[in-house]
Structures are given as C-alpha cells and as structure tokens.
Amino acid sequence: MFTKKIDSRIKVIFLIINLMFIFIILRVVYVQIIDYDKLSALAKDLWSRDLPIEANRGLILDRNGVVLADNLTTTSLILIPNQIKNKDDTSQKLAEILGVTKEEMDAHINKVTSIERVHPEGRRLSYEIADQINDLNLPGVYLVKEAKRYYPYGTSLAHVLGYVGIDNQGLSGLELEYDKYLTGESGAIKYFSDAKGKKLDLSDVYVEPTNGMNLQLTIDYKIQMSLERELENAVKAFNPDMALAIAMEPNTGEILGMASRPSYDPNSYQNYTMETLSRNLPIWASYEPGSTFKISTFAAALEENLIDMENDRFYDSGSVIISGARIGCWKAGGHGDQTFLQVLQNSCNLGVNTGTYLNLEKNLQII
C-alpha cells in the first residue's frame, strides 16, 4: 500500500512537471511567433531615438502656377549628449563656430536629455557654418535638414500671404488660415541606443517626411505686380498715410490682385511693427463709399417703386439716428424740406440713405 501511494504521487508530480513544460513551450511559441511583431515594436520603441527631418511646407501658387511662397533647404544642429565623448572640447569648438559663449553651449551639451535641439543659435544654419561643423566629425553632433519659408517676390502680396515663425508655423494671412493644410508631417532618421544613450550596432531606419498640401489662389501674378507698381507710384507722388487696391473678376467675385501700403517683407517680418504686419487694408480698413454709391441706392429704390421722385418728400434736419448710429448730412443744418428729386440733386446724405430706408420700412408695414 505504501509503495502504491509513492507511485501515485510520483505520477502526479511527473504530470504536473510535464504540464508546466508544455505551458512554457506554448508560451515561447506564442511570444516568438504570434506576438513577435507587437513585442518587437515595443522593444524598438524603447531603444529607438529620432533625429527629426522636417517636412516641406506646401507651396502657395497663383492661378497660373507661379510660386508665391516657396521653401529653402537649410540645416539645424542637434546634439545627443550621452554620445559626446569630450564635452568640454566639443562645447568650445561649437561655440566658436556659432559665435556664442562656451557657457551657452555648455548648457546644451550638459542637458539631461536624449536629444537636444540647439535653439535658436543652431537653427537655419548657413551652408558655410554647417560645413564647418560637419568637418569636425564630432561624436553626438548631428546636422539635420530643415525647411525655411521663402517669399521670392518680397513685399508683393505680403499681407495676403502672411508669414511663418521659426518652426514654420503660420502666424498671419493665408499662412495662418490654411496652416493645417500647408503643414506637412515630419519624418526622422531612427537610430537605436541603450539606456545610457550609447548607439547600438543596428541599422538606422529612414522615415520619409510628408510634405504639406499646395494652395492655389485666384491671384494673377501679372495683375498683382501691376497693382504693386501703381501703388508704389501713388505713394511716391502723394505720400499718403495709406494706400490700397483690389482687382476683382466681376462675374465670379474672384480676387485677381490685392495690395496695400505700408507693406513689409515676410522674409524678415521681425523688422516691422505689428501695426504694419497686421493691417491688410483692403479687408481691414472700413471706408464709406459716399456719393459714388448714392446713385445705386436711388436706382434700387426706383426699381422697387419705393419712392415717387416728384411727389414724395423728405425733411433733412442735418442728422438722424439709424440703428444706434448717427448719420449726418454734408450740409450743416441739413437741406430742410425737399422732394426726392431735390434729394438727388443736392446729393443729400440723409435723403438717399435714410429716406429710401424709411420708405421701404413704411411699404413693408403696409404689406
């Protein structure tokens, strides 16, 4: 009986051990085959570091494909502090090339971070400076591509186009209004490093950036340049406080040209005041058309039979309040009692603008 009990226990233990082995084998198969892609991706995320590659911002074109807002390729400086072997020497050499103090560069090199973008002194570097840094061949020092917005026609259409900041974000005009479409998706060069930041002996992975969408306007470059030229001539001749011009296709309402003075160069917008930058006069400044539009108001009233030129009368007291706004006549004290024919002859502000309005209101009440 005792021997049988021992045999039974041995069999149970043996069965348990076998089940454990089977479970381990199944788990290994699951991890290595079924769940491999997911776990591999998670591991790579832990090891991988990205050197960003900025996408090009979408172009802004006129109706005929002329490029009004373009991109220039520049380079920027990025540091990986844990890969820099001689930090003091690296800091001294970079400071001399960039024209900054060693203390300023030390702050970047000794920063506790996986990747340090040297900002602003290391952004949008010239080819000459970039070549000097590249020739040093320093560990942990990288130059990456960046796109810089460029406006080939300077001050032309400046207020309409707007401008972008140092990170290529839209700050004004069309650049701001359509920023989400013009902004692309950045790519990267992925490299792999251990927890201390030392680069692993694994191949780098290139993730291509996606450029932003192009934006085509109704603006005609040739018409725009004509507007700019004539406005410039007017400013030189009369020295006005401001000047503006709009060219429109009357059948469709398409804007073919729009310009104003004072203007600015969006390539160097930092050199201008906000008063100049933020005022796109054709859509910002309000201006009463005055007597040039009175004939349109009068013609509409006659077309709709709202007034009788000979028999209807209007008393011009000199001013009247309409919807909380005071409208005054050009003649002090007004024109007094007059027919609507005399209203038109006298170019009476109140008679044209408020008399027709009051007659319209009266007719609507009758209806």
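Biologist: Is I25 buried or exposed, and what is its relative accessible area?

Modeller: I25 is exposed, at a relative accessible area of 51%. The words have cut-offs: buried is under 20% relative accessible area, exposed is over 50%, and partly exposed is in between, with a 1.4 Å probe and protein chains only. This is a predicted model, where local features need pLDDT of at least 70, side-chain atom pairs count only at pLDDT 80 or more, and totals for chains, interfaces and linings use all residues. Residues are numbered from 1 along each chain as its sequence is written, and side-chain values use heavy atoms, without hydrogens and water.

Biologist: Which helix holds I25?

Modeller: Helices are DSSP runs of H or I with at least four residues, strands are runs of E with at least two, and numbering starts at the N terminus. I25 sits in helix α1, residues 2–34.

Biologist: Which core residues touch the most other members?

Modeller: A nonpolar core is a set of buried Ala, Val, Leu, Ile, Met, Phe, Trp, Tyr and Cys residues, joined through side-chain atoms within 4.5 Å. The largest one here has 19 residues, and I60, L157, L161 and L217 touch the most other members. Both β3 (67–79) and α6 (158–161) supply at least two of its residues. The largest share, three residues, is from α6. Another core lies apart from it, with 15 residues, including L98, M105, I133 and V141.

Biologist: What does I60 touch?

Modeller: Contact means heavy atoms within 4.5 Å. Leaving out residues up to four places away in sequence, I60 touches V66, V67, L68, A69, R149, L161, E175, L182, L215 and L217.

Biologist: How do I read aromatic rings?

Modeller: A pair of rings is described by the distance of the centres and the angle of the planes. Rings of Phe, Tyr and Trp (its six-membered ring) pair if their centres lie within 6.5 Å; planes under 30 degrees apart are stacked, over 60 edge-to-face, and the rest tilted. This structure holds seven such pairs. Y163 and Y264 have ring centres 6.0 Å apart and planes at 90°, so they are edge-to-face. They lie 101 residues apart, Y163 in the loop between α6 and α7 (173–177), and Y264 in the loop between β10 (255–261) and α10 (274–277).

Biologist: Which pair is stacked?

Modeller: Y163 and Y269 are stacked, with 4.2 Å centre to centre and 20° between the planes. Y269 lies in the loop between β10 and α10, so this pair ties together parts 106 residues apart in sequence.

Biologist: Which residues do ring pairs link into a cluster?

Modeller: The cluster consists of Y163, Y264, Y269 and Y272. Y163 is buried at 7% relative accessibility, Y264 is buried at 0%, and Y269 is buried at 16%.
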